[in-house]
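Take a moment with the sequence and the model. Then follow the chain step by step.

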Amino acid sequence: MKDYLAQIEKLRKDAAECALIRDLATDPGKREVFDRLASHLTVLADQVEMAMLERKTATAPTQP
């Protein structure tokens, strides 16, 4: 579980850095690339988080 949390944190941090670079970029091409990277990394973080929650739910014992 800690591995998932660490990966989610890293992906979100990388997405924030890409967004910062996007905001500082003056070249429209670079701005677009870093915007796409920030969006993609955010989606990946969301998918890892969903997989973690699904796995946690699937392995949780059921209550009678």
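Which residues make up the largest nonpolar core? Keep that question in mind while we look at the whole chain. Remember that this is a predicted model.

Start with the overall build. The protein chain has two helices and zero strands. Its radius of gyration is 16 Å, while the globule rule gives 11 Å for 64 residues, so the chain is more spread out than a compact globule. The C-alpha trace tells its own story: along the principal axes it spans about 60 × 15 × 10 Å.

Of the 64 residues, 16% count as buried. The accessible surface comes to about 5200 Å². Carbon and sulfur atoms account for 59% of that area. The chain carries 10 positive and 11 negative charges, and their mean positions are 3 Å apart.

In soluble globular proteins, nonpolar side chains tend to be buried together. Here the largest nonpolar core holds seven residues: Leu 11, Ala 15, Cys 18, Ala 19, Ala 38, Leu 41 and Ala 45. Two elements each give two or more residues to this core: helix H1 (2–24) and helix H2 (28–59). H1 gives the most, with four residues.

Zoom in on one core member. Which residues does Ala 15 contact, leaving aside its neighbours within four places in sequence? Ala 15 is in contact with Ala 38, Leu 41 and Thr 42. Ala 38 and Leu 41 belong to the core as well.

Finally, step back to contacts across the chain. Among those between residues at least 6 apart in sequence, 64% join residues at least 24 apart.

Definitions and conventions: Residues are numbered from 1 along each chain as its sequence is written. This is a predicted model: local features need pLDDT of at least 70, side-chain atom pairs count only at pLDDT 80 or more; totals for chains, interfaces and linings use all residues. Side-chain values use heavy atoms; hydrogens and water are left out. The radius of gyration is taken over C-alpha atoms; the globule rule is 2.2 Å times the number of residues to the power 0.38. Buried means under 20% relative accessible area, exposed over 50%, partly exposed in between (1.4 Å probe, protein chains only). Contact means heavy atoms within 4.5 Å. Accessible areas come from the Shrake-Rupley method with a 1.4 Å probe; for residues, only the protein chains shown count as cover. Lys and Arg count as positive and Asp and Glu as negative; His and the chain ends are not counted. The place of a charge is taken as NZ of Lys, CZ of Arg, CG of Asp or CD of Glu. A nonpolar core is a set of buried Ala, Val, Leu, Ile, Met, Phe, Trp, Tyr and Cys residues joined through side-chain atoms within 4.5 Å.
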